[in-house]
Amino acid sequence: MHRPMAAAYAMLDRMDEARGAIEILKTKIPNVFIEATRRQLPFRKETDMAHFLDALRKAGLPEE
């Protein structure tokens, strides 16, 4: 739930909320990274996945 929230906030340039959602996510899943998210969350279109992951990067989710 916190990944989509963080991505949505980042897309809206609400960076304080985006970073806050990432911090909560890290407390629940300490080893959460971009690549793990790519493997765990299926998207039909690669462009949708790329957009979602870019938003998570903007929110502060680390690559590895």
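This is a predicted model: local features need pLDDT of at least 70, side-chain atom pairs count only at pLDDT 80 or more; totals for chains, interfaces and linings use all residues.
Residues are numbered from 1 along each chain as its sequence is written, and side-chain values use heavy atoms, leaving out hydrogens and water.

Now for the overall fold. The protein chain has four helices and zero strands, with helices (H or I, at least four residues) and strands (E, at least two) taken as DSSP runs and numbered from the N terminus. Its radius of gyration, taken over C-alpha atoms, is 11 Å, close to the 11 Å that the globule rule (2.2 Å times the number of residues to the power 0.38) gives for 64 residues, so the chain is as compact as a globular protein of that length. Of the contacts with a separation of 6 or more, 60% are between residues 24 or more positions apart; contact means heavy atoms within 4.5 Å.

Let's start inside, with helix 1 (residues 2–11). Its buried residues are H2, R3, A6, A7 and A10, where buried means under 20% relative accessible area, exposed over 50%, and partly exposed in between (1.4 Å probe, protein chains only). They cover an arc of only 135° around the axis, which puts them on the same side of helix 1; the arc is that of the directions from the helix axis to the C-beta atoms. Their cover includes helix 2, helix 3 (34–40) and helix 4 (46–59). Just after helix 1, D13 takes a positive phi of about 60°.

One of the residues of helix 3 is T37, which counts as buried because its relative accessibility is 0%. Leaving aside residues up to four places away in sequence, T37 touches R3, V32, F52, L53, L56 and L61. R3 is also among the buried residues of helix 1.

Finally, turn to R19 in helix 2 (residues 15–28). R19 counts as partly exposed because its relative accessibility is 44%. The C-alpha atoms of R19 and G60 are separated by 6.3 Å, although the two residues are 41 residues apart along the chain.
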